[in-house]
Amino acid sequence: MITYTKRFDSRKFDETRPMEAKVGVIKRADGSAMFKIGKTVAIAAVYGPKALHPTYMRNPEKGILRCNYNMMAFSGTGERIRPGPGRRSREISLVTEKALASVLDLSEFPNTVIDVFIELIQTDSGTRCAGITAAIMALADAGLIMKDMIASVSVGVVGGKVLADLNKEEEDFENGAVDIPIAITHKDNKITLLQLDGLIKKEQLYEALELAKGSCAKIHELQRKALMEKFTQNGI
Amino acid sequence: MGLIVQDKQFVIPGDELATGIDYLPANGAYREDDKIYAAQLGLVNISGRLIRVVNLSGRYIPKAGDNVIGKITNIGFNGWMVDIGYAYEAALSLKEATSDFIERGSDLTKYFDFGEVIVAKIVNVTRSKMIDLSMKGPGLRKLKGGKIIEVSSSKVPRVIGKQGSMISLIKEATGCQITVGQNGKVWMLGSDFNKEMLAAAAILKIEQEAHTSGLTEKIDVFLRGSIK
């Protein structure tokens with residue numbers, strides 16, 4: 001078995017790819033944000049609360065959250081995932097919705113819907129995590145009531161090594177890679193999304209979770225900075 | 001123990017605001033165990049023992065007592081439906097619309113027709129956000145002519161200014177009649193088109209620079225410069 005001693009892009013094992021965040025990228029949306037991690041770029045837009053159709057989906061006690069995850073037609077290299085709507089994007093939309101809904105309080109908006117559109121304009125790996133990270137900033141930008149922020153990152157095991165934020169090359173590692181997308185709330189480190197693809201030892205999973213916490217804390221700082229830049233003079 | 005943030009500090013959801021039981025969470029804040037956290041992005045406002053977070057963005061949320069500007073979208077047997085910029089329309093009943101005697105089955109369009117714009121007061125909002133309007137009160141009327149622009153509802157206090165200082169500044173400088181709805185819709189009617197445009201430009205400038213200080217002076221300079 002080939003051991004993985006040095007990462008393809010010579011990052012440290014606990015280091016994420018270079019990140020960038022910006023809030024208010026879409027003028028006509030109620031809230032919007034962009035999050036870029038390595039070559040992956042996600043844009044999220046929030047619209048609402050607005051009237052919900054079909055009416056049978058309405059909940060008279062609270063509003064509902066509706067997410068739509070989409071890789072844009074030109075986004076990837078085209079060799080693995082076919083962009084656009086499909087089984088995969090439908091599932092990711094659903095898990096994103098569940099990950100975000102757990103911090104939101106929509107009881108102020110009965111019978112309405114909050115629409116979240118996540119568009120990936122460039123994809124490498126970790127798209128659902130980038131999408132969630134952008135979406136929660138957009139939701140905060142939209143002035144919605146929520147108890148906490150969420151940051152999301154993928155961690156994994158490649159060639160026996162536990163590492164943070166796998167890139168595409170690592171995901172496709174020849175001896176198999178374990179990919180674990182995680183979303184964690186900031187305040188009390190609660191997990192709102194955890195998926196796992198591959199086989200992993202219990203100890204390594206714990207190690208991976210610890211790594212995810214550290215990376216998410218860094219992402220959270222970036223989120224705060226981006227939100228601050230939009231709303232305060234000179235970012236003070 | 002005590003406060004962790006300062007008045008007017010920018011916070012994001014989940015930020016710790018205070019510890020202990022000396023303070024109470026109001027709008028935009030919540031308590032968990034012995035700590036108070038922000039539940040909203042915004043600026044901290046501390047008044048006495050209350051900590052609240054004032055929102056800086058978001059759509060208009062209807063509140064009883066607000067004066068709003070809306071458009072008639074539907075006419076029923078006993079009233080009108082009005083679009084006030086929330087997810088669902090508000091209802092204006094016959095009783096609250098006029099004190100005239102209206103015979104059963106008469107044509108309601110002679111009071112308010114489709115597409116007409118009114119200033120109304122929200123008298124009641126139910127828990128499921130059904131909204132009742134009234135036309136009984138000072139300044140509540142049908143708006144004829146003029147132009148309407150939209151600003152974010154969270155910027156409305158800035159557009160009005162302290163004791164209406166900002167809005168009366170614009171009214172004086174442009175000679176326009178201006179009505180500001182709490183829902184962010186602003187109506188203006190001037191003696192000519194250019195004056196209306198100037199008033200609109202000033203209001204949009206306020207919205208854009210709402211977070212800066214010394215705004216009234218800036219707008220004063222802007223209006224003086226434009227009138228010459």
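**View 1. Polar contacts between chain A and chain B in the predicted model**. Between chain A and chain B, 13 residue pairs are in polar contact, with both residues of each pair at pLDDT 80 or more. On the side of chain A that touches chain B, at least two residues each are supplied by strand 3 (40-51), helix 2 (127-141) and helix 4 (202-231) of chain A.

**View 2. Salt bridges across the interface of chain A and chain B**. The rule finds 4 salt bridges across this interface, and a salt bridge also joins the side chains of B:Arg59 and A:Asp30, with an N to O distance of 2.7 Å.

**View 3. Contact and buried area between chain A and chain B**. Chain A brings 33 residues into contact with 25 residues of chain B, and the two chains bury about 2500 Å² between them, of which 58% lies on carbon and sulfur atoms.

**View 4. Pairing of strand 4 with strand 5 in chain A**. Strand 4 of chain A pairs with strand 5 (residues 112-122) of chain A in the parallel sense, over 8 bridges, and A:Arg66 has A:Asp115 in strand 5 of chain A as its bridge partner. From strand 4 of chain A the chain passes through helix 1 (residues 87-101) of chain A to strand 5 of chain A, in a β-α-β crossover that is left-handed.

Notes: Residues numbered from 1 in each chain as written. Chains lettered and ligands numbered in written order. Predicted model: local features only at pLDDT ≥ 70, side-chain atom pairs only at ≥ 80, totals over all residues. Heavy atoms only, no water. Pairing = 2+ DSSP bridges. Helix = DSSP H or I, 4+ residues; strand = E, 2+ residues; numbered from the N terminus. Right-handed = clockwise from strand over helix to strand, strands pointing away. Contact = heavy atoms within 4.5 Å. Buried area = accessible area lost by both parts, 1.4 Å probe. Polar contact = N/O pair within 3.5 Å; in protein donor to acceptor, adjacent residues only side chain to side chain.
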